[in-house]
Amino acid sequence: MAENGEAAPLVTLAHVDKYFGDVHVLKDINLTVSRGEVLVVIGPSGGGKSTLCRTINRLETIDAGSIVFDGRPLPAEGRELARLRSEVGMVFQSFNLFAHKTILENVALGPVKVRKVPRAQAEERALQLLERVGIAAQADKYPAQLSGGQQQRTAIARALAMDPKMILFDEPTSALDPEMVQEVLDVMVELAREGMTMVVVTHEMGFARRAANRVVFMADGQIVEESAPEEFFTNPGTERAKDFLSKILTH
Ligand SMILES: Nc1ncnc2c1ncn2[C@@H]1O[C@H](COP(=O)(O)OP(=O)(O)OP(=O)(O)O)[C@@H](O)[C@H]1O
Ligand SMILES: [Mg+2]
């Protein structure tokens, strides 16, 4: 395994620091994500979870340290950066779908524009992906005609359409009505089972328990704790994590 690189982590962050002005938002972050691993990132607001995700596909630059993706330092610009962005899918809290394109067009767009896949072929694949996330029947509708859960499943299909090496999820269910959370988490659990490498910022403990290999607890720009999900939720190792969990568990 080792000689063909399979055992090497997909992502390695080493001594990463990031400032917004005077605010030190990522402090000496050291983290690896293995191929096929599902990492849940959890922690209080403002702790740096979104920023951490965004550095991995270089939506944010870093001020110190290094990030290696698939054996190479993150590219700064040009074609290499475009390739990185297509290899690292991103699913946000707000779905960011194109309002004037159908669900099918939204999913087919990336492969057509970035990968130069013929439209008919891209749409055929898009339909298969919509099938996979359970919304093929909605293919010809516009985003506003779909529920939040359906829109988020479209966003996941759109990420999958690029055949990413990993997908970053930043609070994918926190804008959804409660009854739609599960349908999105079910799709994510399925992806995890199929071996997709995923970094998921979420407070959904059920998801973490069902699908995560590791939980990373972040606060004040630091990784405070890194543990197996069951261990983290039942026996957190730090006061900071205990305090945080007591707050999210009471509502
Ligand atoms: N573009 C920006 N410009 C300036 N400061 C920023 C920017 N983005 C984030 N910050 C600051 O960086 C810190 C970390 O923010 P970040 O959004 O990464 O936290 P988070 O853990 O994702 O929080 P939340 O749970 O509320 O989403 C916060 O202090 C935030 O105010
Ligand atoms: Mg955030």
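A salt bridge is a side-chain nitrogen of Lys or Arg within 4 Å of a carboxyl oxygen of Asp or Glu. In this predicted model, Glu87 and Arg83 form such a pair, and their closest N and O atoms are 3.9 Å apart. That distance falls within the 4 Å limit. The two residues, Glu87 and Arg83, stand 4 residues apart in helix α2, so about one helical turn separates them. Side chains of opposite charge can pair when their charged atoms come close. The structure holds 18 salt bridges.

**Ligand 1**

The shell around ligand 1 includes a run from Pro44 through Ser45, Gly46, Gly47, Gly48, Lys49 and Ser50 to Thr51. Phe20, Val25 and Glu171 are also among the residues around the ligand. By class, this shell has 3 nonpolar, 6 polar and 2 charged residues. Helix α1, which covers residues 49-56, gives the most to the shell, with 3 residues.

On its own, ligand 1 has 640 Å² of accessible area, and the protein covers 57% of it.

**The largest pocket**

The largest pocket holds about 550 Å³ of space. Its lining is made up of 18 residues. Which of them lie nearest the centre of the pocket? They are Arg85, Met90, Phe92, Arg158 and Met162. Sorted by class, the lining has 10 nonpolar, 6 polar and 2 charged residues.

Several elements supply at least two residues each to this lining: α2 (78-87), β6 (88-91), α3 (103-115) and α5 (148-160). Of the elements, α3 gives the most, with 4 residues.

Technical notes:
Residues are numbered from 1 along each chain as its sequence is written. Chains are lettered from A and ligands numbered from 1 in the order in which they are written. This is a predicted model: local features need pLDDT of at least 70, side-chain atom pairs count only at pLDDT 80 or more; totals for chains, interfaces and linings use all residues. Side-chain values use heavy atoms; hydrogens and water are left out. A residue is near a molecule or strand if one of its heavy atoms lies within 4 Å of it. Accessible areas come from the Shrake-Rupley method with a 1.4 Å probe; for residues, only the protein chains shown count as cover. Ala, Val, Leu, Ile, Met, Phe, Trp, Tyr, Cys and Pro count as nonpolar, Asp, Glu, Lys and Arg as charged, and the others, Gly among them, as polar. On a 1 Å grid over the protein atoms alone, a cavity is a set of points where a 1.4 Å probe fits but cannot get out, and a pocket is an open set with protein on both sides within 12 Å along at least five of seven lines; lining residues have an atom within 4 Å of a point. Grid points are joined across faces, edges and corners, and a volume is the space filled by probe spheres set on the points.
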